[in-house]
Amino acid sequence: MRTANFAPLYRSTVGFDHLFRLLDTMASDANEQNAYPPYNIERTAENQYRITMAVAGFTTDDIHVELKEGALTIRAHRKADDGDGKREFLHRGIAERAFERRFQLADYVEVTGAKIADGLLHVNLERNLPERMKPRVIEISADETAGAKTAQIEAAA
(Lines give C-alpha, C1' and ligand atoms only; values in the text may rest on other atoms or scores of the structure.)
Protein backbone atom coordinates (compact mmCIF):
# COMPACT_ATOMS: atom_id res chain seq x y z
CA MET A 1 0.00 0.00 0.00
CA ARG A 2 1.33 3.41 -0.90
CA THR A 3 1.51 6.13 1.72
CA ALA A 4 -0.05 9.52 1.07
CA ASN A 5 1.97 12.72 1.06
CA PHE A 6 0.18 15.32 3.15
CA ALA A 7 2.85 18.02 2.75
CA PRO A 8 0.78 20.13 0.29
CA LEU A 9 -2.13 20.16 2.74
CA TYR A 10 0.07 21.53 5.52
CA ARG A 11 0.53 24.71 3.48
CA SER A 12 -3.20 25.43 3.21
CA THR A 13 -4.69 24.12 6.46
CA VAL A 14 -4.33 25.11 10.08
CA GLY A 15 -4.90 22.81 13.03
CA PHE A 16 -5.28 19.55 11.08
CA ASP A 17 -1.74 18.27 11.65
CA HIS A 18 -3.00 15.82 14.30
CA LEU A 19 -5.40 14.35 11.73
CA PHE A 20 -2.60 13.86 9.19
CA ARG A 21 -0.42 12.19 11.85
CA LEU A 22 -3.31 9.88 12.69
CA LEU A 23 -3.74 8.90 9.04
CA ASP A 24 0.01 8.25 8.71
CA THR A 25 -0.05 6.08 11.83
CA MET A 26 -3.05 4.10 10.62
CA ALA A 27 -1.42 3.51 7.24
CA SER A 28 1.81 2.27 8.82
CA ASP A 29 -0.12 0.00 11.22
CA ALA A 30 -2.06 -1.47 8.29
CA ASN A 31 1.19 -2.21 6.50
CA GLU A 32 2.53 -4.18 9.48
CA GLN A 33 -0.38 -6.65 9.34
CA ASN A 34 0.51 -7.99 12.76
CA ALA A 35 -2.47 -10.01 13.99
CA TYR A 36 -0.97 -10.95 17.36
CA PRO A 37 -2.63 -10.93 19.79
CA PRO A 38 -6.19 -11.25 18.51
CA TYR A 39 -8.68 -8.74 19.90
CA ASN A 40 -12.30 -7.59 19.70
CA ILE A 41 -13.76 -4.10 19.92
CA GLU A 42 -17.39 -4.00 20.96
CA ARG A 43 -20.02 -1.44 21.90
CA THR A 44 -21.58 -2.41 25.22
CA ALA A 45 -23.93 0.61 25.52
CA GLU A 46 -24.59 3.84 23.64
CA ASN A 47 -21.46 5.54 25.01
CA GLN A 48 -19.53 2.54 26.34
CA TYR A 49 -17.04 0.28 24.58
CA ARG A 50 -14.82 -2.67 25.44
CA ILE A 51 -11.57 -3.89 23.94
CA THR A 52 -11.05 -7.60 24.65
CA MET A 53 -7.62 -9.03 23.91
CA ALA A 54 -6.44 -12.65 24.15
CA VAL A 55 -3.48 -12.67 26.54
CA ALA A 56 -3.14 -16.34 27.47
CA GLY A 57 -0.04 -17.00 29.56
CA PHE A 58 0.41 -13.38 30.71
CA THR A 59 -0.20 -12.12 34.23
CA THR A 60 -1.15 -8.66 35.44
CA ASP A 61 2.54 -8.02 36.14
CA ASP A 62 3.42 -8.79 32.51
CA ILE A 63 0.90 -6.37 30.93
CA HIS A 64 1.14 -2.58 30.86
CA VAL A 65 -1.86 -0.43 29.79
CA GLU A 66 -1.16 3.25 29.16
CA LEU A 67 -3.27 6.17 27.94
CA LYS A 68 -1.32 9.12 26.59
CA GLU A 69 -2.55 11.96 24.37
CA GLY A 70 -5.58 10.05 23.13
CA ALA A 71 -3.66 6.87 22.32
CA LEU A 72 -4.26 3.69 24.29
CA THR A 73 -1.19 1.44 24.30
CA ILE A 74 -1.28 -2.13 25.54
CA ARG A 75 2.09 -3.86 25.78
CA ALA A 76 3.15 -7.12 27.30
CA HIS A 77 6.49 -8.68 27.96
CA ARG A 78 6.71 -12.08 29.61
CA LYS A 79 9.40 -12.27 32.23
CA ALA A 80 12.07 -14.91 31.71
CA ASP A 81 11.14 -18.37 32.93
CA ASP A 82 12.61 -18.86 36.39
CA GLY A 83 12.57 -22.63 35.98
CA ASP A 84 15.65 -24.76 36.18
CA GLY A 85 15.77 -25.18 32.39
CA LYS A 86 14.51 -28.76 32.49
CA ARG A 87 11.28 -28.00 30.60
CA GLU A 88 11.21 -29.70 27.25
CA PHE A 89 8.42 -28.73 24.85
CA LEU A 90 7.26 -31.31 22.32
CA HIS A 91 4.92 -28.72 20.83
CA ARG A 92 4.74 -25.04 21.75
CA GLY A 93 1.50 -23.50 20.51
CA ILE A 94 0.94 -20.79 23.12
CA ALA A 95 2.82 -17.80 21.78
CA GLU A 96 3.60 -15.83 24.96
CA ARG A 97 5.72 -13.46 22.87
CA ALA A 98 6.00 -9.79 23.66
CA PHE A 99 3.61 -7.44 21.88
CA GLU A 100 2.52 -3.83 21.68
CA ARG A 101 -0.87 -2.79 20.33
CA ARG A 102 -2.04 0.83 19.94
CA PHE A 103 -5.57 2.16 19.67
CA GLN A 104 -6.32 5.78 18.79
CA LEU A 105 -9.24 6.98 20.91
CA ALA A 106 -11.74 9.61 19.82
CA ASP A 107 -12.11 12.87 21.72
CA TYR A 108 -13.79 12.52 25.11
CA VAL A 109 -13.26 8.72 25.27
CA GLU A 110 -11.79 7.70 28.62
CA VAL A 111 -10.54 4.40 30.01
CA THR A 112 -12.76 3.38 32.93
CA GLY A 113 -11.00 0.15 33.91
CA ALA A 114 -9.09 -2.96 32.87
CA LYS A 115 -9.17 -6.54 34.15
CA ILE A 116 -7.90 -9.99 33.22
CA ALA A 117 -10.25 -12.97 33.39
CA ASP A 118 -9.96 -16.40 31.77
CA GLY A 119 -6.95 -15.42 29.64
CA LEU A 120 -8.66 -12.30 28.26
CA LEU A 121 -7.79 -8.68 28.98
CA HIS A 122 -10.88 -6.44 29.06
CA VAL A 123 -10.35 -2.68 28.76
CA ASN A 124 -13.55 -0.67 29.32
CA LEU A 125 -13.97 2.70 27.66
CA GLU A 126 -16.60 5.40 27.98
CA ARG A 127 -17.34 8.49 25.92
CA ASN A 128 -18.13 11.45 28.20
CA LEU A 129 -19.26 14.44 26.20
CA PRO A 130 -19.05 17.78 28.00
CA GLU A 131 -22.38 19.55 28.58
CA ARG A 132 -21.63 22.10 25.85
CA MET A 133 -21.33 19.27 23.29
CA LYS A 134 -24.58 17.51 24.22
CA PRO A 135 -27.73 18.35 22.27
CA ARG A 136 -30.15 20.57 24.11
CA VAL A 137 -33.56 22.00 23.50
CA ILE A 138 -33.78 25.78 23.26
CA GLU A 139 -37.04 27.18 24.60
CA ILE A 140 -38.73 29.67 22.33
CA SER A 141 -40.35 32.55 24.13
CA ALA A 142 -42.98 34.91 22.74
CA ASP A 143 -42.00 38.54 22.32
CA GLU A 144 -44.56 40.37 24.44
CA THR A 145 -43.77 43.78 22.94
CA ALA A 146 -44.72 42.50 19.49
CA GLY A 147 -48.28 41.88 20.71
CA ALA A 148 -48.60 45.47 21.85
CA LYS A 149 -47.61 46.81 18.43
CA THR A 150 -50.26 44.79 16.65
CA ALA A 151 -53.12 45.61 19.02
CA GLN A 152 -56.34 46.57 17.26
CA ILE A 153 -57.91 49.89 17.80
CA GLU A 154 -61.61 49.64 18.37
CA ALA A 155 -63.63 52.27 16.68
CA ALA A 156 -67.04 53.44 17.72
CA ALA A 157 -69.75 52.38 15.33
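**Note on the salt bridges and overall fold**

1. Arg-78 and Asp-62 form a salt bridge, with 3.5 Å between the closest N and O atoms. Arg-78 sits in the loop between strand E4 (71–76) and strand E5 (99–104), and Asp-62 in the loop between strand E2 (48–54) and strand E3 (63–68), so the pair ties together parts that are 16 residues apart in sequence. The model is a predicted one.

2. Asp-62 is buried, at 8% relative accessibility, whereas Arg-78 is partly exposed, at 33%. Asp-62 falls in the buried class because the limit for that class is under 20% relative accessible area.

3. Five salt bridges are counted in the protein. One of them joins Arg-75 to Glu-66, whose closest N and O atoms are 3.7 Å apart. Arg-75 has a relative accessible area of 28% and is partly exposed; Glu-66, at 30%, is also partly exposed.

4. Arg-75 and Glu-66 belong to a salt-bridge network that also links Glu-100 and Arg-102.

5. A further salt bridge pairs Glu-131 with Lys-134, the closest N and O atoms lying 3.3 Å apart. Glu-131 is exposed, at 63% relative accessibility, while Lys-134 is partly exposed, at 38%.

6. As for the fold, the protein has three helices and seven strands, in the sequence order α-α-β-β-β-β-β-β-β-α. Among contacts with a separation of 6 or more, 51% are between residues 24 or more positions apart.

7. Of the 157 residues in the protein, 17% are buried.

How values were computed: Residues are numbered from 1 along each chain as its sequence is written. This is a predicted model: local features need pLDDT of at least 70, side-chain atom pairs count only at pLDDT 80 or more; totals for chains, interfaces and linings use all residues. Side-chain values use heavy atoms; hydrogens and water are left out. Helices (H or I, at least four residues) and strands (E, at least two) are DSSP runs, numbered from the N terminus. Buried means under 20% relative accessible area, exposed over 50%, partly exposed in between (1.4 Å probe, protein chains only). Contact means heavy atoms within 4.5 Å. A salt bridge is a side-chain nitrogen of Lys or Arg within 4 Å of a carboxyl oxygen of Asp or Glu.
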